[in-house]
Each structure stands twice: as structure tokens, then as C-alpha cells.
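Reader: Hey, I've got this one open and I'm a bit lost. Can you walk me through some of it?

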Amino acid sequence: MEDTKNYLISRILLSGSDTLPADVEKELQTIRRERISRPVIYISSGTSSIIAGSARTDKAVRDYLSEMGIEADLVNTGCNGPANYEPLVCIQLPGKNKLVFRNITDDKVDSLLNSVFHNDIPDEDLVGQSGTRGFETWHGIPFAEDHPYFSKQKRIVLGNCGCYDPGSIAEYIARGGYRTFVKTIRHYTPEEVCEIVEKSNLRGRSGGGFPTGLKWKYALNTTASNKYLVCNAKESDPGGYTDRTIMESDPHRLIEGMAIAAYGIGATTAYIFIRSGSDHAISTFRRALEQARDYGLLGHNIFSSGFNLEIVVSVDAGAFVCGEETALIGSLEGKRGMPELKPPYPATSGLFGKPTIINNVETLMNVPLIMKNGPEWFLGLGTESSSGTKVFALAGKARLTGIVEVEMGTTLREVVEGIAGGIREGKEFKALQLGGSTGTFITEEQLDTRIDYDELKEINSGLGAGSFIIIDESTCMVEMVRYYMDFMHHESCGKCIPCREGTGRMLEILDSVVKRPANDEAGTTLERFKGVMQLEAIASVMKDTSLCGLGQNAPNPFLSAMSNFREEFEEHIFDRKCRANVCRGLRTFIIDVEKCTGCTLCASKCPVNAIYGTRLQPFFIVEDKCIGCGACYDVCKFSAISVK
Amino acid sequence: MERENQDVVNEIFARHRQARKENLIPILQEIQKEAGYISEDSIVRLGNLLGISTTKIYGLATFYDQFRFLPSGRIHFRICHGTTCFMNGSGSLISALREELGVEPGQTTRDGRFSYEIVTCMGSCSNGPVIEVNGEYHTGVSNDQIPAMIKRLKHIVDND
């Protein structure tokens with residue numbers, strides 16, 4: 001262990017030249033598992049794999065190997081493929097291409113390993129073979145790389161995800177890691193680093209899209225006794241999990257990116273602010289930090305360059321608003337996470353009043369690659385105004401969900417229909433939501449828009465933090481908007497009135513839209529209509545006057561649903577109908593005249609006297625009076641009552 | 001129980017003799033993690049340690065969702081209410097639990113057997129709704145499975 005460490009440090013990290021001698025390269029191939037003498041079994045072990053049961057799979061594999069006396073290596077990697085395929089298991093036999101299998105739960109392990117070790121590859125659960133590095137290919141087995149989920153992606157940020165053991169710094173170094181960092185602190189000045197990043201046109205990946213290099217320069221050019229870098233891994237959006245997956249699968253690249261960024265702005269302390277509840281990501285990242293410290297990549301006077309850096313892990317205590325820069329700083333300082341007025345911007349006066357740069361995980365993941373390959377390489381990717389790639393967390397009703405990365409300039413349709421494979425269970429596509437809980441809805445006609453900061457702005461949308469939610473016909477847009485408003489109301493910090501009160505009132509009104517009034521007293525119906533009329537007015541006040549992005553963007557889902565799916569709102573309000581049959585509060589009941597015996601039980605139980613009839617004759621329900629409580633349905637002994 | 005809680009808090013304080021105001025949240029997190037919840041007593045003592053008023057600490061702790069002020073039940077549910085789980089019906093799952101247990105999220109049943117909390121996105125969007133019971137995950141749960149699940153768990157807790 002100690003030998004490997006010294007070897008990697010002296011022969012690779014501290015080697016002055018870019019090309020390594022042949023013997024070192026050979027050694028690295030062994031560490032990278034490109035030359036293996038015994039079978040290697042890779043089990044993906046990210047959060048989604050764990051939920052799908054990868055820990056049990058892992059145990060079953062170990063049991064099988066020890067029982068059969070087979071010598072093999074077992075590697076727990078991060079996430080790679082679609083979440084639907086978890087637990088994903090790859091098996092590589094010496095000299096042959098890797099085989100990728102999906103949904104390998106513990107009960108399938110024995111039969112799978114039995115067949116593979118006897119060179120009989122089962123078709124069931126096979127995704128394909130993977131590998132191009134001159135191994136022997138399996139005949140008649142398709143390549144996993146040709147699977148539409150993978151072939152349409154451009155994995156740069158996620159390049160290492162799922163390929164190596166995130167708990168092994170040696171493997172990361174063998175894959176070229178940390179060399180860029182060491183080269184940067186030895187051969188570049190902070191000004192040069194900012195210059196290179198600015199030239200690459202890297203823009204913040206957290207929604208705003210502000211040029212990263214330019215932001216760094218502000219901090220670098222501010223004189224201060226101390227500066228801070230903060231990596232914002234808060235990601236508390238209810239549908240986003242990109243940051244978490246990255247931290248679980250490739251924590252070392254993130255550390256390298258943070259270290260280069262800290263050097264670029266002249267910070268000696270860097271914080272990473274991680275969402276609470278992502279325990280697996282936090283422990284993976286902490287372990288990676290310890291290894292980096294052990295290798296001397298963090299600490300005092302790193303490799304005699306005169307650069308000091310300490311990375312501190314700070315776990316968020318659970319408040320959505322802390323994703324906002326100034327609120328995040330407040331939380332790090334031990335206060336309530338509430339946004340402050342800007343300016344001053346954090347880049348000049350942030351954490352403890354010192355210049356602070358806050359970057360998103362994905363932004364920082366790009367930094368080592370830009371420093372390694374040069375700004376021209378990065379400019380060559382993507383579109384003119386947006387370079388590089390974008391990582392999305394596919395979720396919702398798509399056939400395949402998971403974390404994906406596409407080049408900027410790819411159309412949304414390619415992601416929805418190509419990578420995600422369309423809608424589950426053959427249902428119709430209804431809308432796509434980009435940018436999380438404050439994002440807008442994109443309709444079928446707008447799907448040909450390219451993924452690009454400016455083109456998305458034209459259709460009033462934005463990249464946001466990377467959640468990509470596909471909505472099908474079985475989802476009710478009004479209920480969806482109500483869900484987001486409920487979330488926003490809960491997460492509003494309460495500092496400014498437009499947001500605190502606005503989200504509450506909007507939620508109240510939306511609540512009244514998705515259910516029937518419980519009684520008809522004091523003009524509840526009239527109040528409901530008045531409320532609906534005011535929704536748009538409240539939304540526009542919130543947009544104009546809220547202090548931070550949370551309040552300004554909270555009405556976005558409502559406004560875009562209103563302009564694109566107005567008829568659904570009207571149906572709910574005027575006809576009290578939910579076309580997706582989701583809003584239970586709107587349902588009414590009907591009596592089957594054939595089955596009804598006229599026992600009067602339902603009429604006596606009805607709280608609003610909506611059931612009429614003559615004894616021993618079929619009864620009927622007056623739909624306008626029915627509140628959908630279901631009392632009649634529960635008491636009917638003849639199953640004569642059904643949901644209309 | 002009270003005694004135990006105090007010991008845990010003492011230990012945590014011993015580690016943080018030099019603590020400053022910005023360590024408030026991490027210390028609260030440690031207390032929550034090791035003692036299971038934040039007791040009134042620990043807030044008062046933390047105030048003395050850091051020189052912050054008790055009301056300020058309580059105000060801060062209630063601002064954040066993570067902190068709880070009651071011990072959690074012997075069986076603790078975490079229900080994912082992220083966007084995908086919501087689309088797959090986690091809302092009715094939450095109502096079913098509320099009905100079955102008779103308490104709100106963050107509270108504990110009187111007999112100390114059950115408690116539950118709502119979280120946003122656990123990261124298994126392909127097979128929601130997801131529910132975690134004492135560290136064990138159940139995927140694709142529907143609301144009509146809840147009564148049977150609670151019944152089974154009651155049986156397990158009582159025979160433990």
C-alpha cells in the first residue's frame with residue numbers, strides 16, 4: 001500500500017513530462033484493470049443501486065466465490081447506467097471484453113456467475129459487451145456502447161463514473177487524475193488559471209450561467225487577508241440527484257477541481273456544502289478527502305509549491321433556500337439560512353466578509369479537464385454561446401431514468417425520445433420540466449429546442465441544476481403545480497413578505513381548485529373564483545418584488561402551466577373534472593340503476609344530502625352537490641355505487 | 001433514557017470546547033445523530049457553551065428541517081416525496097401513514113413505536129414511491145400495503 005503510494009507520487013504526480021515511460025504505463029494499466037490475470041466483477045454501488053439491493057448482490061457474489069473457491073476481484077463502482085437497470089453487474093474475464101448485466105438481484109447471482117464462468121453467456125438480463133482496448137470480443141453479443149441510452153451521450157464530466165472504485169485514489173491517479181492539479185500549482189500562476197478558464201467559456205452549471213473564469217477574477221483581484229471557495233453540493237431540488245451521483249462515483253475529480261479553483265482564486269480554505277440525507281455521498285467524499293490528504297495533495301505547502309489548502313465538509317441541515325448563495329453563506333456561518341441583498345456579491349464580500357466563490361459540483365468537475373486539455377478543446381464542444389456538456393438527472397415517467405450527460409446543442413427531443421426511450425407503458429408525452437421545482441414546462445412543440453443557455457431562455461426556460469422531469473398524460477398539471485407550490489411554501493424562509501405570503505395564498509387557491517367545496521355556505525364557490533382570478537396577479541407581484549430567486553421563480557411552474565395547459569385549469573375550475581383522474585377531491589359517484597335496491601342507506605349517510613330517490617326505487621346522486629367524500633360508496637351493500 | 005442522553009451530549013461538548021458560533025449547526029447535527037433528537041436540556045447547555053441565547057438556538061433549529069425535538073420511534077419511516085415519487089403516488093402513501101399512525105410527520109406515536117418523516121428525493125427515481133424503514137428500502141409501495149405493513153411491524157416490535 002505504502003509502496004504504491006510512493007510509486008504513484010514519485011513516478012507520476014511529480015514526473016515533469018506529460019508522457020510517461022513504458023514501464024510506468026504498463027504498471028498503470030494493471031492498476032486500471034486493463035491487464036488482468038483473474039476475473040473482475042464490478043457491482044455498481046451508488047444510492048440507486050443500494051435501494052435496488054446491490055448490497056445483497058455484493059454479498060451473494062462473495063458467498064458464491066468463496067463457496068466455489070474462485071479467485072476473482074470484486075469492485076464496487078459508482079453509478080453508470082440507467083437506474084432501471086440497477087443493480088448493474090459487469091463481469092470481465094481475463095483477455096475478454098467486459099460483459100454488462102442488468103437487474104442482478106441476489107437470487108440471480110449464482111446462475112449468472114455459473115454460466116459466465118463456463119463461457120455460456122445468458123441472453124436474459126444482458127445489456128451487452130463493453131470495451132475497445134484490444135480485448136477479444138464476444139461473438140454475437142451487441143456492444144453496450146451502441147445501446148441508445150449510451151450512444152447518444154457524451155460523457156466527459158461523468159467520464160470516470162461507474163468505471164473505477166471511488167474508494168481508491170490509486171485508480172484515480174492511474175486514470176490520469178491529480179496530475180493536472182500538481183502541474184497547475186507548479187507551473188501556472190493563479191492569473192493564468194483564471195485566464196484559461198475564462199477563455200474556455202465555461203459557464204456556471206447551476207442555472208445562472210455566469211462565466212466561471214470572470215467570477216474567479218473578481219475574487220482574485222479583491223485584496224483580502226483570506227478568501228474562500230465553496231462547492232455548492234446542496235442540490236435539494238425534489239427531482240435532482242446529479243451532484244450526489246457524481247460525489248458517489250467520482251469524488252476525486254471533484255476534489256481536484258476544487259483544489260484548482262481554490263488555487264486560481266487564492267483561497268486556502270475550501271468548503272463543500274452537501275445536502276443532508278445523502279449519507280453515502282458524504283461518506284464516499286470524506287474517505288476520498290482522507291486519501292488525498294494522505295497523498296499530500298491537501299494540507300500545508302503541497303508538494304513544496306508554497307500552496308496550502310484545506311477542504312472542510314459541511315453538511316446542510318435541510319433548507320432548500322440554502323442553495324441560494326447568500327443563504328448558503330449564512331448557513332456556513334452558523335446562522336439561519338436566509339438570503340441577503342446583493343450587492344455586495346459574495347465574490348467580493350461573502351463568507352465571514354471575505355471574497356468567496358461559490359461553484360456548483362458540475363462546474364468544478366469540468367475544471368481539471370479544461371486545465372488538462374486546454375480551453376480550445378472545451379470551446380470545440382457544444383454550441384457557440386454554451387461550451388461543453390450538461391449533466392441531467394432523468395426522472396419522471398420516462399422508460400429509462402438515471403444520470404446522463406449530453407453535449408450542449410443536443411435537442412431536448414433527442415434526450416426524451418433517444419436516451420430516455422420515450423414514455424413508460426406506451427403513454428402519451430405531455431410535458432417536460434427543466435430546471436427543478438422553479439422550472440417551466442416545455443411542450444411537445446418546443447422539444448426541438450437545443451440545449452443551450454440562450455436558446456432555452458428564448459422559450460422562457462433554463463437549465464437549472466439539471467433535473468429533467470418527463471411528464472406523461474397520466475399526470476395532472478394542476479396537481480403538479482400545486483405540489484411544487486406546496487414545496488415552495490414549505491421551503492420559503494419567511495424573510496420577505498411577497499414570497500412568504502404569496503406562496504401561502506397561491507397554495508390555498510390551488511388547493512381549492514383540486515377539490516370540491518365541502519359545503520355551499522357563505523359563497524365558497526364565489527371565493528374560489530375570485531381566488532383563481534387573482535392567481536396571476538399574485539404571481540406577478542412575487543416575481544417582481546421577492547428578495548431572492550426562490551420567491552422570484554416560485555410562480556414559474558404555475559405561469560407556464562397556465563399558458564401551455566390552460567384548458568386543464570379551466571376543466572378543474574368550471575367542470576370540476578380532472579382529465580388525468582389524479583385529483584381525488586374532484587371525483588363524483590354514480591348509482592347503477594340496475595343494482596340499486598332503494599334501501600335508502602346511502603341517502604341517510606350523505607353529509608350534503610346530494611342523494612335523492614323513492615324508497616325501493618333506484619336512487620340518484622346530484623352531481624353538483626356531491627363533494628366526493630365516498631361515504632355512500634363505503635356503505636352500499638350492493639356495489640351499486642361507482643366512481644364516475 | 002434521560003441519563004443516557006446527557007452522557008452523549010457531555011461527550012459531544014467535550015469534543016467542542018473551543019467551539020465558536022459558526023460551529024452551532026455541526027454540533028446540533030452531532031447531537032441529533034448520536035442522541036437521536038435535540039432535547040430542551042441540550043439546547044440550554046449549548047447556549048451556555050457558545051454564548052448564544054436559547055431562543056436563538058431554538059429558532060435556528062426549527063428553521064432547518066433536519067432537526068427533531070422528540071425521540072424517534074423504534075420504527076422510523078422515511079418517505080420519499082420527490083417529484084418522481086410524487087408522480088407515482090407518494091402523496092396517498094403519506095395520507096395512509098398519517099391515518100394509520102395518527103401523527104404528523106416529525107412526531108412520534110404515544111407508545112413510542114412509530115415515527116415518520118418526509119424527505120425529498122432519495123435517488124431511486126426508477127422505482128418509486130420509495131419508503132425506508134429503519135434503513136431498509138421498499139420500492140414501488142402502494143397505499144393499500146401500508147396497513148398490513150404497520151401491522152406486521154407492530155408484531156415485530158412487540159415481540160422484540
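Author: Strand 10 and strand 14 (residues 467–472) of chain A run parallel, paired over 4 bridges. Pairing takes at least two DSSP bridges, and strands (E, at least two residues) and helices (H or I, at least four) are DSSP runs numbered from the N terminus. The model is predicted: local features need pLDDT of at least 70, side-chain atom pairs count only at 80 or more, and totals for chains, interfaces and linings use all residues. Residues count from 1 along each chain as its sequence is written, while chains are lettered from A and ligands numbered from 1 in the order written.

Reader: Ok, and which residue does A:Leu394 partner with in strand 14 of chain A?

Author: A:Phe468 is its bridge partner there.

Reader: How does strand 10 of chain A pair with strand 11, parallel or antiparallel?

Author: Antiparallel, over 6 bridges, with strand 11 covering residues 402–407. A hairpin through 5 residues joins strand 10 to strand 11 of chain A.

Reader: Why is strand 10 of chain A largely enclosed?

Author: Because 8 of its 8 residues (389–396) are buried. Buried means 20 or more other C-beta atoms within 10 Å of a residue's own, exposed means 12 or fewer, partly exposed is in between, and C-beta atoms are placed from the backbone.

Reader: New topic: which residues of helix 10 of chain A are buried?

Author: In helix 10 (residues 212–220), they are A:Thr212, A:Gly213, A:Lys215, A:Trp216, A:Lys217 and A:Ala219.
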